[in-house]
Amino acid sequence: MGKTTRQATTRSNKKTRFPLSMCLSPTSFKTLFWWLLLLGIMTLYIFLGLGSLPSPTLLANAAANPSEAASKEILYRSLTKLDDQSGHVWQVVLFKQVYPGQAETVNLRLVGFPGSAELLHPQPLKITTATGKVLTAADVFLDEAPAPTIGQYDFKDILPQLSIEPLVLSISLPSDTINISVPQRVVQDWQKVMNGES
């Protein structure tokens with residue numbers, strides 16, 4: 001009886017002796033690091049205004065006074081959250097930037113939430129329409145992205161070729177492919193962004 005009690009006490013002491021040992025494993029530390037990094041990036045988005053949309057709708061930020069427009073950027077954007085085939089959530093932001101006297105840019109940014117796959121750069125984005133048309137958008141991040149789960153692609157020449165129909169966005173990885181289905185309503189918002197509508 002006494003031996004059994006001692007063994008139980010010894011086991012419970014072993015369990016509580018090093019409570020943080022599992023948290024400090026290399027895998028857990030790496031996961032914690034990426035979670036914190038992504039949280040910091042999302043916070044930065046909110047403060048910069050890129051992540052402050054209340055719903056997947058279209059917003060236009062423009063100078064109210066035409067005389068001030070010469071020195072200001074005009075930004076149109078559409079933001080939504082979509083799932084990939086594995087159920088991981090991605091923030092999908094299409095934005096058009098217009099600077100006076102410069103060519104406009106239209107980019108699609110994908111931001112993976114924790115648990116999403118890490119993207120390789122440069123890696124093109126494949127766009128497949130419901131009718132089977134396949135287009136390829138160039139990766140804007142030629143060397144390194146702000147975080148491993150962020151990708152940004154040049155959509156200036158892609159968007160005019162798209163009809164208002166569902167799409168699939170595909171990114172190839174060494175051992176897998178990420179497929180994100182884009183509903184028709186989101187593509188319709190993208191067309192509004194392209195046309196500068198609010």
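Helices and strands are DSSP runs here, at least four residues long for a helix and at least two for a strand, numbered from the N terminus. The model on screen is predicted.

**The whole chain**

Begin with the entire protein chain, coloured by secondary structure. Three helices and nine strands make up its secondary structure. Followed from the N terminus, the elements run α-α-β-β-β-β-β-β-β-β-β-α. Of the 198 residues in the chain, 35% are buried. Among contacts between residues at least 6 apart in sequence, 56% join residues at least 24 apart.

**The four-stranded sheet**

Next, select β5, β6, β8 and β9. These four strands form an open sheet in the order β6-β5-β8-β9, and their pairing is antiparallel. The edges are β6, residues 134-137, and β9, residues 177-182, each of which pairs on one side only. On average, neighbouring strands of this sheet are turned by 25° against each other, direction ignored.

In general, the strands of a sheet pair through backbone hydrogen bonds.

**The aromatic pair**

Finally, show aromatic side chains. How many aromatic pairs does a search of the whole structure find? The search finds one. Select F155 and W190: their ring centres are 5.8 Å apart and their planes stand at 85°, so the pair is edge-to-face. The cut-off behind this assignment is a plane angle over 60 degrees.

Where do F155 and W190 lie? F155 is in the loop between β7, residues 150-154, and β8, whereas W190 belongs to helix α3. The pair therefore ties together parts that are 35 residues apart in sequence.

Are these two residues, F155 and W190, buried or exposed? F155 counts as buried because its relative accessibility is 0%. W190 likewise has 0% relative accessibility and so counts as buried. The threshold for that label is a relative accessible area under 20%.

Conventions
Residues are numbered from 1 along each chain as its sequence is written. This is a predicted model: local features need pLDDT of at least 70, side-chain atom pairs count only at pLDDT 80 or more; totals for chains, interfaces and linings use all residues. Side-chain values use heavy atoms; hydrogens and water are left out. Buried means under 20% relative accessible area, exposed over 50%, partly exposed in between (1.4 Å probe, protein chains only). Contact means heavy atoms within 4.5 Å. Two strands pair if DSSP finds at least two bridges between them. Axes are lines fitted to C-alpha atoms, for helices over the stretch in contact, and angles run from 0 to 180 degrees between N-to-C directions. Rings of Phe, Tyr and Trp (its six-membered ring) pair if their centres lie within 6.5 Å; planes under 30 degrees apart count as stacked, over 60 as edge-to-face and the rest as tilted.
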